[in-house]
Amino acid sequence: MSIALPNICRAHFHTKPIYQPTDFIERGWGIFSFWIGSRVNSLRVMLTPKQRRGMACILSASLGGNALRYALTGSNQKAHAFALAASSLFLIPTLWRNCPLFGDIITTFETSKREVWLTIDDGPNPEETPAILDILKEQKARATFFAIGRNVLRWPHLARLIVENGHQIQNHTFSHNASFFWGASSTFAQKEISLCNEAILSVTGIEPYQFRVPVGFANPFVHGVVERKNLQMVGWSASGNDGIRHNPKNVIQRICKTLTPGKIILLHESSLHGQQRGNRAHTLRNLLLRLESEGYQTAIPSWWVVVICFACSND
């Protein structure tokens, strides 16, 4: 015998659940990120960057010692747990983009206006830089170019053109070893940063005072070098993930989704396999038009504004 269900029951069985699995994942990740961020901010208030790096080294060594002790006594499960904890203490803050645990990093700037800081990485590049500079001039926008030292030496006229057009040029390492710079030693980081500074100074006559790490991954040794060289490490707070093959429309949507005054926008000017020449400039033009329609202007914060931002982030 078949039983007819009331309409309200049919509607119930055919209605999608209010919460999808992805909702719980996103909410869980958001809560975890907030918790980690609050713990990091607490440490930033209590300890200097050098003290935080020292504390991480001591804790990691202690955990590693326990791992070795348990391994020698045959307690492999405990040894693995302590070894994992010791490595995670370094790897998680290193591979967490723009994480300030091991050192200060600028991701926003103080402003009372509807302004954002436009930053462009991985140049100069003869296939993209000229068109990008034309778009910036056309839209009366200013940007900071985080340049690769070997590109500056290869195309010095483009580096000088960036400066002549009223933009900033800053340090993005000499060779941009993105795949393994996260594991750089102090010696390697020192060499990469120094060579890039020297290249920019020799070509433009301007010595960089800001540095951006490739991919946003910086270990304690890299932070230590940046601090000793009196450089400001600059991250970002609005990215469209245009460092990989992308749709320009999606890039702009991601950037503008959570955009607020004082945020730092990340774009790239390197050539990508499978992307048409001029794609970077096209994305930039559409982004600037979108920013203008929403009442935003681009600005390069002065050195003292960035210093104030550092102070406020540590209060």
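1. Let's start at one residue on the outside. Asparagine 230 is exposed, with a relative accessible area of 67%. You'll find asparagine 230 in the loop between α9 and β5 (232-233). Its backbone deserves a look too: phi of asparagine 230 is near 55°, which is a positive value in a residue other than glycine. Keep in mind throughout that this is a predicted model.

2. Valine 215 isn't a glycine either, yet has a positive phi of about 65°. The loop that holds valine 215 runs between β4 (210-211) and α9 (220-228). With 28% relative accessibility, valine 215 counts as partly exposed, because that class covers the range between under 20% (buried) and over 50% (exposed).

3. Proline 124 sits in the loop between β1 and α5.

4. Now step back to the whole chain. There are 12 helices and eight strands. Of the 315 residues, 43% count as buried. The chain exposes about 17200 Å², and carbon and sulfur atoms supply 59% of that area. Looking at contacts between residues at least 6 apart in sequence, 76% join residues at least 24 apart.

5. What about the inside? In soluble globular proteins, nonpolar side chains tend to be buried together. Here the largest nonpolar core has 33 residues, and those with the most contacts inside it are Leu118, Leu136, Ile265 and Leu267. The elements giving two or more residues to this core are β1 (115-123), α5 (129-138), β2 (144-147), α7 (156-164), α8 (186-204), α10 (248-257), β7 (264-268) and α11 (279-293). The most comes from α11, with five residues. There's also a second, separate core of 13 residues, which includes Ile105, Val225, Val226 and Leu231.

6. Setting aside neighbours within four places in sequence, leucine 118 is in contact with Leu136, Arg142, Ala143, Thr144, Ile265, Leu267, Leu284, Leu288, Thr298 and Ala299. So which residues does alanine 299, from the end of that list, touch? Not counting residues up to four places away in sequence, alanine 299 touches Glu115, Val116, Trp117 and Leu118. Alanine 299 lies in the loop between β8 (297-298) and α12 (303-313). At 13% relative accessibility, alanine 299 counts as buried, since the limit is under 20%. The C-alpha atoms of alanine 299 and threonine 144 are separated by 9.3 Å, though the two residues are 155 apart along the chain.

7. Is glutamine 170 buried or exposed? At 3% relative accessibility, glutamine 170 counts as buried. The residue belongs to strand β3 (residues 168-171). Beyond its neighbours within four places in sequence, glutamine 170 is in contact with Thr144, Phe145, Phe146, Ala147, Ile200, Pro208, Tyr209 and Gln210.

8. The largest pocket has a volume of about 610 Å³. Its lining counts 24 residues, of which Arg97, Trp236, Asn241, Leu266 and His268 lie nearest the centre. β1, β6 (238-239) and β7 are the elements that give two or more residues to that lining. By class, the pocket lining has eight nonpolar, 10 polar and six charged residues.

9. How many cavities of 30 Å³ or more does a search of the whole structure find? It finds two. The second largest cavity holds about 30 Å³ of space. Pro93, Asn98, Cys99, Ile105, Val213, Gly216, Ala218, His223 and Met233 line this cavity. Its lining divides into six nonpolar, three polar and no charged residues.

10. One last stop, at threonine 48. Threonine 48 lies in the loop between α2 (21-46) and α3 (49-72). At 38% relative accessibility, threonine 48 counts as partly exposed.

Methods. Residues are numbered from 1 along each chain as its sequence is written. This is a predicted model: local features need pLDDT of at least 70, side-chain atom pairs count only at pLDDT 80 or more; totals for chains, interfaces and linings use all residues. Side-chain values use heavy atoms; hydrogens and water are left out. A nonpolar core is a set of buried Ala, Val, Leu, Ile, Met, Phe, Trp, Tyr and Cys residues joined through side-chain atoms within 4.5 Å. Buried means under 20% relative accessible area, exposed over 50%, partly exposed in between (1.4 Å probe, protein chains only). Helices (H or I, at least four residues) and strands (E, at least two) are DSSP runs, numbered from the N terminus. Contact means heavy atoms within 4.5 Å. On a 1 Å grid over the protein atoms alone, a cavity is a set of points where a 1.4 Å probe fits but cannot get out, and a pocket is an open set with protein on both sides within 12 Å along at least five of seven lines; lining residues have an atom within 4 Å of a point. Grid points are joined across faces, edges and corners, and a volume is the space filled by probe spheres set on the points. Ala, Val, Leu, Ile, Met, Phe, Trp, Tyr, Cys and Pro count as nonpolar, Asp, Glu, Lys and Arg as charged, and the others, Gly among them, as polar. Accessible areas come from the Shrake-Rupley method with a 1.4 Å probe; for residues, only the protein chains shown count as cover.
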